[in-house]
Amino acid sequence: MSLDAATIRRVANLARLRVEDDEVPRLQAELNGILGWIEQLQAVDTTGVEAMSGGGDAILPLRPDVVTDGGQAEAVLANAPDRAGVFFAVPKVVE
Amino acid sequence: MEATHFSLAGALSALEEGLISAVELTEAHLKAIEAVNPQINAFITVTAEAALAAARAADDRRAQGEAGPLNGIPLAIKDLFCTQGVRTTAGSRILGDFVPPYESTVTKNLLRDGAVFLGKANLDEFAMGSSNETSAFGGVQNPWRRRDNQGVALVPGGSSGGSAAAVAARLALGATATDTGGSIRQPAAFCGIVGIKPTYGRCSRWGIVAFASSLDQAGPIARTVEDSAILLRSMAGHDPKDSTSAEREVPDFAAACHRSVKGLRIGVPAEYRLDAMPAEIQALWDQGIAWLKAEGARIVPISLPHTKYALPTYYIVAPAEASSNLARYDGVRFGMRVPGEDLKDLYERTRAAGFGAEVKRRIMIGTYVLSAGYYDAYYVKAQQVRALIRRDFETAFADCDAILTPSTPSAAFASGDKQDDPIAMYLNDVFTVTANLSGLPAMSIPAGLDAQGLPLGLQVIGRGFDEETVFTVGAAIERAAGFSALPQVMA
């Protein structure tokens, strides 16, 4: 399977990465190279094999449903590129 | 003896005996960094004043009889660990001047035990790379040089290239590092030092900038097996803030370094014998087998049949997890922002300007394999093959107690050598990536030099949560190898 230029643009859009037109051919070649190499997995018989999820064998623990942290607006906002009061500021979203 | 040439264990004894103070030890390392770092670029940030203040506090604690297990030991911290009040970059432009308001659990554990942080070590951007060439803060030079061409700069390996180069060049007694596909072991092998990736869940991932959450694991880099054991004991331990952190006692890993390998069964996997492998690597592997045999271990041929599928599996799982972990870099809450016409344009411009080429490549691959219509064919398939790789190890460990392999398929290569060929770069991790996929502990030990005088490592893989056997076997190899060569660039 080979990715065309339109698919590269679609994936870049999904990933929220701006891709200039002149970058498309290079990305297309690189991604197709990598995906072609990955394709060899299709040769493995995985019938009936349960997919592994996560890196360990531990069952995820539960903890009491109580507040453990909070009231740290200034620490949370300390690295914000832009803020308005105790909120993150972004360009106008709704007209 | 130069203060920077102590082993970590040796420095602890010297501090305890009053032969040196923590301030003197820290000053010596800061001086070494000043002299050598401009050449090798192992540190992104040096925190000299804070280090000296921490060293003074350590000397005070020792005077009051309150010295912790790492009291006064100067360390380098990979710039992937969040450090409260100290800029943390992950080697990326997109984090800008991010200053974490919190401390990662691993570094907090080290501070609890009295360690002194010299600064933040360089790395591949978001820990994605095997050469440290993808760092937005410039590459790191390997302190080792080829015998026949001292002028050529070699890569230190990656992604923990700054950690490995700093420890090899005597700029720190040890370092923290992380390993997602080989990022502790491969740079340790390239720089002639020791690195261990413990079992998944042994060290908390809380406060470590995430790359691929089911594979990422923190571990130490140091110059001896015992030093890495001392560091790992402090770094490890259960943490309720990481749901995958294991609720297990942390053993005395250093004690395991002094046990005998007599009677241990050492597995040698047939599938790690690659066609294109340099003869020197094969010879070193054979030598390692002979050393362990001479110490009374029994060598057992084993089979890990799905080995050849490990790298392609990794290059689905890791980018998939990376693409979702890196979605948080949106130019809104922290890090850099590039203004846009609207919010989406702001996201896209920020991410295009903030991420480097390799990170973008992996985000694109990850987004694609997780996208509608391809999820089963790629992601689920890869997680199934991953289960088979793990099963291979479970089967093999019925017949052996540890597995011996080479650490890397080559010695350190020259800067720029593999930058234009992503797959050739990825192949660096062919021997290391299986331990990440299966969550097992694995260590690289310097075991010899190639014809160019460059270090080569042997890898020991153990059962889950059996780092102790890995330390026992690693220490036996270290004793047998008597690796005493020193890098050309050194403080």
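This is a predicted model: local features need pLDDT of at least 70, side-chain atom pairs count only at pLDDT 80 or more; totals for chains, interfaces and linings use all residues.
Trainee: Is Glu468(B) buried, partly exposed or exposed?

Mentor: The relative accessible area of Glu468(B) is 22%. Buried requires a value under 20% and exposed one over 50%, with partly exposed in between. Because its value is 22%, Glu468(B) is partly exposed.

Trainee: Turning to the interface, which three residues supply 15% of the area that chain A buries against chain B?

Mentor: The contact takes 51 residues from chain A and 61 residues from chain B, and the two chains bury about 5000 Å² between them, 69% of it on carbon and sulfur atoms. Within the area that chain A buries against chain B, one trio supplies more than any other three residues, and its members are Arg18(A), Trp37(A) and Met52(A).

Trainee: Which residue of chain A forms a salt bridge with Asp345(B)?

Mentor: Between chain A and chain B the count is three salt bridges. In the one formed by Asp345(B), the closest N and O atoms are 3.7 Å apart, and the partner is Arg18(A).

Trainee: Which helix gives the most to the side of chain A that touches chain B?

Mentor: Across this interface, 14 residue pairs are found in polar contact. On the side of chain A that touches chain B, α1 (5–14), α2 (24–38) and α3 (73–77) each supply at least two residues. With eight residues, the helix that gives the most is α2(A).

Trainee: How many residues apart are Phe190(B) and Phe413(B), whose pair links distant parts of the chain?

Mentor: Among the 18 aromatic pairs found over all chains, that of Phe190(B) and Phe413(B) is edge-to-face, at 5.8 Å centre to centre and with 90 degrees between the planes. Phe190(B) lies in helix α6 and Phe413(B) in the loop between β9 and α14 of chain B, and both residues are buried. Their separation is 223 residues.

Note on methods
Residues are numbered from 1 along each chain as its sequence is written. Chains are lettered from A and ligands numbered from 1 in the order in which they are written. Side-chain values use heavy atoms; hydrogens and water are left out. Buried means under 20% relative accessible area, exposed over 50%, partly exposed in between (1.4 Å probe, protein chains only). Contact means heavy atoms within 4.5 Å. Buried area is the accessible area (1.4 Å probe) that two parts lose on being put together, summed over both. A salt bridge is a side-chain nitrogen of Lys or Arg within 4 Å of a carboxyl oxygen of Asp or Glu. A polar contact is a pair of N or O atoms within 3.5 Å; within protein, one must be able to donate a hydrogen and the other to accept it, and residues adjacent in sequence count only if both atoms are side-chain atoms. Helices (H or I, at least four residues) and strands (E, at least two) are DSSP runs, numbered from the N terminus. Rings of Phe, Tyr and Trp (its six-membered ring) pair if their centres lie within 6.5 Å; planes under 30 degrees apart count as stacked, over 60 as edge-to-face and the rest as tilted.
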